[in-house]
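Q: Got the sequence and the coordinates open here. Can we go through the charged pairs and then the helix packing?

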Amino acid sequence: MKKFGLIALAFVTATGVYAQKGVEDGSRYGHGQDSIDTWRHISMYQEYYKTNDFKEAYEQGWQDVFRDAPLASVNTYNYGIKILRNLYNDAKKEKNEELMAKYSDELFQVYEQRLKYLDQLNAIAKNKVTEAEIWGQYGHDYTSYNPKVSISRAYEILHKAVELGKGETQYYVLDDLMRVSAQRFANKKDNDEYRDALIQDYLDCAGYIDMFIELQTDDDIIEKASKVKENIDGRFINSGAADCDRLQAIYGPKIENKKDDFEYLSKVVKVMTVFDCKSSDAYFKAAEYAHALSPTAQTAKSLGRLYLTQREDTEKALEYYNQAIELDEDSKSKADTYYYIATLYMSKEKYDNSRSNVQKCISNNPNKGEAYILLAQLYASNINWSNEPALNRCAYFAVIDKLEQAKRMDPSVAERANDLISQYKKQTPQVEDLFMLGIKAGDKVEVKGWINETVTVR
């Protein structure tokens, strides 16, 4: 009996040692009786879960598994989220605020615990999840299943999710962050920190939603994400965080000290573009400093257009357009810039400069029909080269030749070219006028002067 008692005592002691819960020793299920209990609780709550009996699933095992065996299964968290969301909604229908608060708190504990054990859970998971995904879902549920949302806490969670997820952040999380950020600013509109944060959040979310949409293949998700894209713009614009005067006041004094900070300058340009503040001094300075730090053909052309449309400064515009040509490595793009410069010079009646640039345009892109039309119009503006009016009017044959060439090289301009041809044909010399000069149809005439081309009379 004495020996039997010692054996029994040893068994009890051993059981006590090994009957540890998974939460205590890091095992998945615990040991001994605790392991048996964990498996029983998993089996019980999952049966209720399968029948959507979420209350019984919650009470008959899920709570125990979540508390005692946090590493038992990823489904503890996936199922737990659905269980607690449904229980929260039921409590909400019953207007039971106490239960709403209880289930809400427990739902957030699910996310906190999953983040705590994320690496261990991913090690046993078939489909691994990222920290960014958990924070994003956490933030979405924090604002959706919460009777007392703390805006500061909601912002903290959602901002972390977007910061980690960037362009892979779910579209609804980006929408949540913009909504919360705008609300946070609305509560304290005199807080410049919140204003700056909202502006940065807008820049981030507007960029990330485009990246997210680009990755999608599901039309339904693309449609929903596109709606969120509109929401992001709308929330920012309607927030009142920025208008041209306010943006000028915010950025104007800082530009000079930030002239070597390309990221900051790009942010200023982007935000002020959204609010169409391109005439503001801050926009001009930021755009010019950014271009100086990282010059491209596109930024040079943008500055050219800016000076032309906002300041009516043709000389400065031409300076930037010529920079664009020097920086551009694409012949067709370069041709477009030459063409635009040619139109500017023509509008100023600087015909030599205009012709020089339109010829460079054609050299870079022989198929640009608009260039031949512009050259034809330049010819039509410079027909006088002789004391004989009939010979001067022969210049219109050269005009028509360029319009015919425009059609051959670029059929897309045919309609416009034909309209001009019909107009200029009326300006060509009469047969009898040329007859008096000894010239008949089919003869060659050398049109001298500014045009300096040989034409065929017809």
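Q: Which residue forms a salt bridge with K55, and how far apart are the closest N and O atoms?
A: The partner is E59, with the closest N and O atoms 2.7 Å apart. Keep in mind that this is a predicted model.

Q: Where do K55 and E59 sit relative to each other?
A: Both are in helix 4 (residues 54–68), 4 residues apart, so about one helical turn separates them.

Q: And K55, buried, exposed or partly exposed?
A: K55 has 44% relative accessibility, so K55 counts as partly exposed. E59 is partly exposed as well, with a relative accessible area of 36%.

Q: How many salt bridges does a search of the whole structure find?
A: The search finds 25 salt bridges.

Q: What is R195 paired with?
A: R195 and D192 meet through their side chains in a salt bridge, 3.8 Å from N to O. Both residues lie in helix 11 (residues 192–215), 3 residues apart, about one turn of the helix.

Q: Is R195 buried or exposed?
A: Buried: the relative accessibility of R195 is 5%, and the cut-off for buried is under 20%.

Q: What about K229, which residue does its side chain meet in a salt bridge?
A: D210, at 2.6 Å from N to O. This pair links distant parts of the chain, with K229 in helix 12 (residues 219–239) and D210 in helix 11, 19 residues apart.

Q: How accessible are K229 and D210?
A: K229 has a relative accessible area of 30% and is partly exposed. D210 is partly exposed too, at 37%.

Q: Which residues are linked in a network of salt bridges?
A: K21, D64, R67 and D68 are linked in such a network.

Q: Switching to packing. What numbers describe two packed helices?
A: The angle between their axes and the distance between the axes.

Q: OK, what are they for helix 3 and helix 4?
A: Helix 3 (residues 33–50) and helix 4 pack at about 160°, with axes 8 Å apart. Angles over 145 degrees count as roughly antiparallel, so helix 3 is roughly antiparallel to helix 4.

Q: Left-handed or right-handed crossing for helix 3 and helix 4?
A: Left-handed.

Q: Which residues meet there?
A: From helix 3, T38, H41, I42, M44, Y45, Y48 and Y49; from helix 4, F54, E56, A57, Q60, G61, W62, D64 and V65. By class, that contact has 9 nonpolar, 4 polar and 2 charged residues. D64 is also one of the residues in the salt-bridge network.

Q: At what angle do helix 10 and helix 11 pack?
A: About 165°, with the axes 10 Å apart. Helix 10 and helix 11 are therefore roughly antiparallel to each other, and the crossing is left-handed.

Q: Which residues of helix 10 meet helix 11?
A: Y171, L174, L177, M178, S181, A182, R184 and F185. On the helix 11 side, the residues include Y194, R195, L198, D201, Y202 and F212. The contact has 14 nonpolar, 1 polar and 3 charged residues.

Q: One more pair: how do helix 14 and helix 15 cross?
A: The axes of helix 14 (residues 262–274) and helix 15 (residues 281–293) come within 9 Å and cross at roughly 140°. Helix 14 and helix 15 are therefore oblique to each other. The crossing is left-handed.

Q: And what makes the contact between helix 14 and helix 15?
A: Helix 14 contributes F262, L265, V268, V269, M272 and T273, and helix 15 contributes A282, Y283, A286, A287, Y289, A290 and L293. By class, there are 12 nonpolar, 1 polar and no charged residues.

Q: Last one, S354. Where is S354 found?
A: In helix 19 (residues 351–364). S354 is buried, with a relative accessible area of 0%.

Q: What does S354 touch?
A: A342, Y345, M346 and L378, not counting residues up to four places away in sequence. The C-alpha atoms of S354 and K189 are separated by 53 Å, with the two residues 165 apart along the chain.

Methods:
Residues numbered from 1 in each chain as written. Predicted model: local features only at pLDDT ≥ 70, side-chain atom pairs only at ≥ 80, totals over all residues. Heavy atoms only, no water. Axes fitted to C-alpha atoms, helices over the stretch in contact; angles between N-to-C directions. Helix = DSSP H or I, 4+ residues; strand = E, 2+ residues; numbered from the N terminus. Parallel < 35°, antiparallel > 145°, perpendicular 65-115°, else oblique. Left-handed = near helix turned anticlockwise from the far one by under 90°. Contact = heavy atoms within 4.5 Å. Nonpolar A, V, L, I, M, F, W, Y, C, P; charged D, E, K, R; others polar. Salt bridge = Lys/Arg side-chain N within 4 Å of Asp/Glu carboxyl O. Buried < 20%, exposed > 50% of the residue type's maximum accessible area, 1.4 Å probe, protein only.
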